[in-house]
Amino acid sequence: MCFNDPIYLDLGSFEELMVDTDQHRICWMYHDILSHPQIAWMFDKYAGKGTPIREAWTTMAWVAAANQEDSFYLLFKWYEDFYGPPQRSDLYLIEREEGAEGEIRVRFLNRDFQQKLDNRGQEWFNSFLIRVSENASFFFGESDFESNPVGRLMRLLENNPGRELECLDWHLGRRSDREKSLLCATVSAYFRSVQAIREILFSLVASDGRWGPENGHMPAGELLDLLRTVSARIDGERLPELGDQFQELADGFYDDPVLAPYLNRGSGRVMTDMTESGELRWLRLEGRNARLLLRDLYHRCSPRQMWDVFHRWQGEIYVTVLRRPLTRDLHRGVYLLSRFEDQTGLDVTGMFWLENVSVGVAHLCQGEFFEELLDLLLSQYTMQGTLSHTRFWGEDLVGGYSHLLKEAFDLYSRGYG
């Protein structure tokens, strides 16, 4: 079977998904092909809790690319009245293991924490569905969901062979490269999700003898009807090709981070020696706001290294403030050094420089001494502190971060040494 155990989201993880949706760190789009009650019922039956859904209800499906490679979110909104508010929603993570030939895995994202929320918290929780629609409108325009933005994009690319990136760049207008990359990644997830549903249906049909209706499973006839419905909308043979094409376009807009400035070994020796002697002080940041800040910095500078909200993040974050340049490469500003374990179990170590120019600019630095410096910080006593609220600074987010980090650094430095 393609269905694994649920992932239990806590309140903080779901709030991060809210923030990602609001601040367009994630791109949602309406999925016309998968907006079928039987598909949502199938997911609920095999991957969810099996909560009864009324037969008269209808559904709308939404898809978004996740940060983890070869994975995406699928959201179903359930309606009693199609023109009224949704009565319920179900959220899933779908991933393909070990590349293009790997097996599909579906996991229900359990949000049972909502049962402990008060009335105000319930309103906030339910607002997620509106935010998803607003996010989709931001990326794809206002729509009555009758139009097909994917079809328009496909026609544009088919009419301009060899100039796909250039034409899409022009078509998407004045959006940032990051937004264009997110949009293309979600269109890729649109095709990959259809491919995944086809594979799941084939798998269920093949195992019908063991998973018949007498055991509460879907009859083979219904599965075949559903498979024909999904397959009629798009050529199944083209799904991998189309998924890869739009992922390549996403990479073309925003692939590897621009690592700048390069901090050489000389700069590393200066920072390490001054840290060891106590001349250069660091603040070890703790608390959830520091994690939120780091996620946003990775979103801006190296999105592929940003972890998905449900990942149990563990790591270290240190910050220092240079009031004057230390070397030709170590300019004045705020430096943030971090290490965490990503979703594949690998360590990610990085240093950000928040430049004090205009409203603030964030750089992900390149260098060879970050691991050594971080090991030194972990081995010696360092002052510790937390950040105040980091969200919704308006357009001047990086400038706001710089100000917050300086304030925190100065506050905790007063009682140090």
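Biologist: How do you know that the length of helix 9 agrees with what a helix should span?

Modeller: Helix 9 has 13 residues, and at 1.5 Å a residue they should span 18 Å. The expected span is 1.5 Å times one less than the number of residues. The end C-alpha atoms of helix 9 are 18 Å apart, which agrees. One caution: this is a predicted model, where local features need pLDDT of at least 70, side-chain atom pairs count only at pLDDT 80 or more, and totals for chains, interfaces and linings use all residues. Residues are numbered from 1 along each chain as its sequence is written, and side-chain values use heavy atoms, with hydrogens and water left out.

Biologist: What makes a stretch a helix or a strand?

Modeller: Both are DSSP runs, numbered from the N terminus: helices are H or I with at least four residues, and strands are E with at least two. Helix 9 covers residues 265-277, and Thr275 is found in it.

Biologist: Why is Thr275 called buried?

Modeller: Buried means under 20% relative accessible area, exposed over 50%, and partly exposed in between (1.4 Å probe, protein chains only). Thr275 has 2%, so it is buried. Thr275 touches Leu280, Trp282, Leu373, Leu376, Leu377 and Gln380, leaving aside residues up to four places away in sequence; contact means heavy atoms within 4.5 Å.

Biologist: Which other residues of helix 9 are buried, and what do they pack against?

Modeller: Besides Thr275, they are Ser267, Gly268, Met271, Thr272 and Met274. The buried residues of helix 9 pack against strand 7 (259-263), strand 11 (347-355) and helix 11 (370-379).

Biologist: What is found at the start of helix 9, and what just after it?

Modeller: At the start, a side-chain oxygen of Asn264 comes within 3.0 Å of the backbone nitrogen of Gly266. Just after helix 9, Gly278 has a positive phi of about 90 degrees.

Biologist: How do you know that strand 8 and strand 9 pair?

Modeller: Two strands pair if DSSP finds at least two bridges between them. Two bridges join strand 8 (residues 283-286) to strand 9, and the strands run antiparallel. Leu283, for instance, has Val319 in strand 9 as its bridge partner. Strand 9 also pairs with strand 10 (residues 333-341), in the antiparallel sense over eight bridges, with Thr320 partnered by Tyr335.

Biologist: Why is strand 9 called mostly covered?

Modeller: Six of the eight residues of strand 9 (residues 315-322) are buried.

Biologist: What makes strand 7 and strand 13 edges of the sheet?

Modeller: The open sheet has seven strands in the order 7-12-11-10-9-8-13, with mixed pairing. Strand 7 and strand 13 (383-386) each have a single partner strand, so one side of each lacks a neighbour in the sheet. From one strand to the next, the twist averages 35 degrees.

Biologist: What lies across the sheet?

Modeller: Helix 10 (residues 288-301) lies across strands including strand 8 and strand 12 (361-367), at about 85 degrees to strand 11. Axes are lines fitted to C-alpha atoms, for helices over the stretch in contact, and angles run from 0 to 180 degrees between N-to-C directions.

Biologist: What makes a group of residues a nonpolar core?

Modeller: Such a core is a set of buried Ala, Val, Leu, Ile, Met, Phe, Trp, Tyr and Cys residues joined through side-chain atoms within 4.5 Å. The largest one has 61 residues, and Phe43, Phe76, Val106, Val187, Phe191 and Ile200 touch the most other members. Helix 6 (residues 177-206) gives the largest share of this core, 14 residues.

Terms used
Polar contact = N/O pair within 3.5 Å; in protein donor to acceptor, adjacent residues only side chain to side chain.
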